[in-house]
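Load the model in your viewer and keep the selection panel open. The stops below go from the whole chain to single residues.

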Amino acid sequence: HPVTKDNTVWFCDPQVTGKTPAHNIIKGAVNKVILPPGKIIEEPIDAFRLYMNDTIINNIVTYTNQEASRVMGENCFKPVDAVEIEAFFGLLLTAGHMKMNNVNTKRLWSKLYGPLIFRATMSEKRFKQILRYIRFDDKSTRSVRRAKDKLAAIRDVWEAVNKNLNKYYMPGESITVDEQLVGFRGRCPFKQYIPSKPDKYGMKIFWVNDSTTGYPLYGLPYLGKENGTRASPNLGERIVETLCSPYYGTNRNVTCDNYFTTLQLAKNLKSNGLTVVGTLRKNKAYIPNNFLPNRSRDETSSIFGFTKHITLVSYVPKKGKAVLLLSTMHHGKCVVDDLQNKPEIIVFYNGTKGGTDIMDQMAHGYSCKRRTNRWPFTYFMNLLDICGIAAYTVFIKSFPNWHNKKMDKRHFFCKKWQKN
């Protein structure tokens, strides 16, 4: 049996045989919309208001009027109300749907080139006023809160929306943990550079999503190192455990990449009633030497290692390469019978790893984000996009036959939204 540097023993044969393991049988509801008593969804706007509710909007109204009065004076600014703020959000989302989010406001309000909906909703001057003064917290107390929390400028709104995301939808059999990079190139205390992402510079958020629909279940902002301390070890493990804790005991599967996956994470999730399937980095001490890349190994060949609850597989996609995956869901040497001879673990991983990517792709497809130097506003515009994606998922689940023959139902969802 292969023995590793940390003395982990991997058996060559499966240690679980017979019927389907109990941990692969999901407990509780899946892919279900959970509405509060008396709440009915009839229009797209009803689904959106589940997430951007009256409490959040009223707080934004209060802080926006507070900031405008501080800068302009109480008698120089006409206070906004909830209706006007909602109309402002509607224009942002409409510009995103029309792929005009980066178009200059002069053109948007132009009688010759601009869509009528902008001029009919509010004046360009009023839109720019709200754009300038919109705030999400009490600026007079921000410095005290920011000393302990870098996200203080938008923390309350972020937590309120996150709570709603988690409340109204029950995910399917598999959930995905991955990162989203919210594009931003201005000044921000926790800005990241990730060259593999389309935006490259921005603010990182770790998300747990439904693997099939991409529904955003909960987000965890990455705020960098706190108070100049060194980066804490096993950050990926703790992020997965934090994001997935609401689903402990349901036997769902968690799919994640090699930033998060470790042997200890697999054991921790197993003890809490979740399985995990994820890729592994090759520098782990518990990986046997013969599982690592080696030019003597044949293409499309696989090596398996087993413990009582965990399966390790090393697959060779091409000469001199090896892909490593860990699974507590699979317990055999099942290989898909095709030209590439991929193990079932890899096929399952490829089918469920894209939950967060689906959400990110949808957010980029109809993004309301406009150019701004204020990172809290960029963060909020991303939240609007996320709420729109969640509302679309809930609406389609509530009306599965709605525009069933249309190729892009989300386009018609956004179009109907504008009419409301």
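How far apart are the mean positions of the positive and negative charges of the protein chain? The separation is 4 Å, for 63 positive and 35 negative charges. Lys and Arg count as positive and Asp and Glu as negative, while His and the chain ends are not counted; the charge is placed at NZ of Lys, CZ of Arg, CG of Asp or CD of Glu.

This is a predicted model, in which local features need pLDDT of at least 70 and side-chain atom pairs count only at pLDDT 80 or more, whereas totals for chains, interfaces and linings use all residues. Residues are numbered from 1 along each chain as its sequence is written, and side-chain values use heavy atoms, with hydrogens and water left out.

**Whole chain**

Helices (H or I, at least four residues) and strands (E, at least two) are DSSP runs numbered from the N terminus. Along the principal axes, the C-alpha trace spans about 80 × 55 × 40 Å.

Switch to a surface view. The accessible surface comes to about 20,600 Å², and 51% of it belongs to carbon and sulfur atoms. Areas come from the Shrake-Rupley method with a 1.4 Å probe; for residues, only the protein chains shown count as cover. Of the 420 residues, 49% count as buried; buried means under 20% relative accessible area, exposed over 50%, and partly exposed in between.

**Helix H6**

Next, select residues 124-133, which form helix H6. Arg 126, Phe 127, Gln 129, Ile 130 and Tyr 133 are buried here. Seen down the axis of H6, these buried residues fall within an arc of 160°, so they line one face of the helix. The arc is that of the directions from the helix axis to the C-beta atoms.

**Thr 393**

Move to helix H13 (residues 375-398) and pick Thr 393. Thr 393 is buried, at 5% relative accessibility. Beyond its neighbours within four places in sequence, Thr 393 is in contact (heavy atoms within 4.5 Å) with Tyr 169, Thr 213 and Tyr 215. Arg 410 is 17 residues from Thr 393 in sequence and 9.4 Å away, C-alpha to C-alpha.

**Loop residues**

Which loop holds His 403? His 403 lies between H13 and helix H14 (409-419). His 403 is partly exposed, at 30% relative accessibility, and its phi is near 45°, a positive value in a residue other than glycine.

Asn 251, in the loop between helix H9 (235-244) and strand S7 (253-256), also has a positive phi, near 65°. Asn 251 is buried, with a relative accessible area of 10%. Leaving aside neighbours within four places in sequence, its contacts include Ala 22, His 23, Gly 273 and Leu 274.

Finish at Lys 225, in the loop between strand S6 (216-221) and H9. Lys 225 is partly exposed, at 49% relative accessibility.

Key
Buried means under 20% relative accessible area, exposed over 50%, partly exposed in between (1.4 Å probe, protein chains only).
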